[in-house]
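The stops below go from the whole chain to single residues.

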Amino acid sequence: MAKPTVLADASALIGLGAIGELNLLRELYSTITITHAVSREVLAKDGLPGAREVAEAMQAGWITTIHRPSAQAEFPTLGEGEASTLSLAMSSPAPCLVIMDDLSGRAHARAKEIAVTGVAGVLVLAKRQRIRAEIRPILERLEAIGFRLSRQVVEAVLKEAGEA
């Protein structure tokens with residue numbers, strides 16, 4: 001079975017980059033693809049949390065950028081980054097995994113039968129693959145910077161990771 005192309009939306013990059021865990025994506029997936037819209041969102045302002053880490057990963061070549069025409073007409077309720085990421089996934093000849101935390105975006109992905117996970121799912125996978133021994137400290141650091149994960153999601157993830 002072919003390894004899926006992994007596409008990421010901005011929130012995962014910003015959140016993991018801001019707490020020094022962006023490299024976790026490289027450890028799990030080797031390469032990440034983002035659209036120019038996601039790149040613009042993450043790199044919009046100097047000093048944006050995670051921006052420096054994402055720029056470094058792009059320079060190192062493990063985060064690659066693909067131009068995707070606007071998909072706002074296709075997904076009018078989504079932001080440009082989410083819409084372009086889902087449009088890219090739909091047009092890809094290879095299977096894709098989309099890393100996206102936006103609830104509406106995730107619902108659209110599921111409706112289009114696109115495999116989707118979020119930061120919480122990435123952390124569970126990291127624990128399962130023994131890339132991280134514990135994910136509770138990562139979740140706590142994400143919470144400290146204001147990354148939004150519901151209490152129910154955090155509790156479910158900790159339970160699934162055996163850290164409840």
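Helices (H or I, at least four residues) and strands (E, at least two) are DSSP runs, numbered from the N terminus. The model is predicted: local features need pLDDT of at least 70 and side-chain atom pairs count only at pLDDT 80 or more, while totals for chains, interfaces and linings use all residues. Residues are numbered from 1 along each chain as its sequence is written, and side-chain values use heavy atoms, with hydrogens and water left out.

**Whole chain**

Read from the N terminus, the order is β-α-α-β-α-α-β-α-β-α-β-α-α-α. The radius of gyration of the chain is 15 Å, close to the 15 Å that the globule rule gives for 164 residues, so the chain is as compact as a globular protein of that length. That radius is taken over C-alpha atoms, and the globule rule is 2.2 Å times the number of residues to the power 0.38. The C-alpha trace spans about 40 × 35 × 30 Å along its principal axes.

Of the contacts with a separation of 6 or more, 62% are between residues 24 or more positions apart.

**Nonpolar cores**

Colour by relative accessible area: buried means under 20%, exposed over 50%, and partly exposed in between (1.4 Å probe, protein chains only). Of the 164 residues, 45% count as buried. A nonpolar core is a set of buried Ala, Val, Leu, Ile, Met, Phe, Trp, Tyr and Cys residues joined through side-chain atoms within 4.5 Å.

Select Leu13, Leu25, Tyr29, Ile32, Ile63 and Ile99, the residues with the most contacts inside the largest nonpolar core, which has 37 residues. Helix α7 (residues 119–128) gives the most to this core, with six residues. Apart from this core lies another, of 13 residues, including Leu7, Ala71, Leu78 and Leu86.

Next, centre on Leu25. Which residues does Leu25 contact, leaving aside its neighbours within four places in sequence? They are Leu13, Leu16, Ser30, Ile32, Trp62, Ile99 and Val122.

**Helix α1 and what follows**

Select residues 10–18, helix α1, where Ala10, Ala12, Leu13, Gly15, Leu16 and Gly17 are buried. After α1 comes Gly20, with a positive phi near 75°.

**Two loop residues with positive phi**

Go to Ser30, in the loop between α2 (23–29) and β2 (32–35). Its phi is near 70°, a positive value in a residue other than glycine. Ser30 is partly exposed, at 39% relative accessible area.

Then select Arg130, in the loop between α7 and α8 (136–144). Arg130 also is not a glycine and has a positive phi, about 60°. Is Arg130 buried or exposed? Its relative accessibility is 76%, so Arg130 counts as exposed.

**Glu41**

The last stop is Glu41, in helix α3 (residues 36–42). Glu41 is partly exposed, with a relative accessible area of 36%. Leaving aside neighbours within four places in sequence, Glu41 is in contact with Ala10, Leu48 and Gly81. Draw a C-alpha to C-alpha distance from Glu41 to Pro95: the two are 54 residues apart in sequence and 25 Å apart in space.

Key
Contact means heavy atoms within 4.5 Å.
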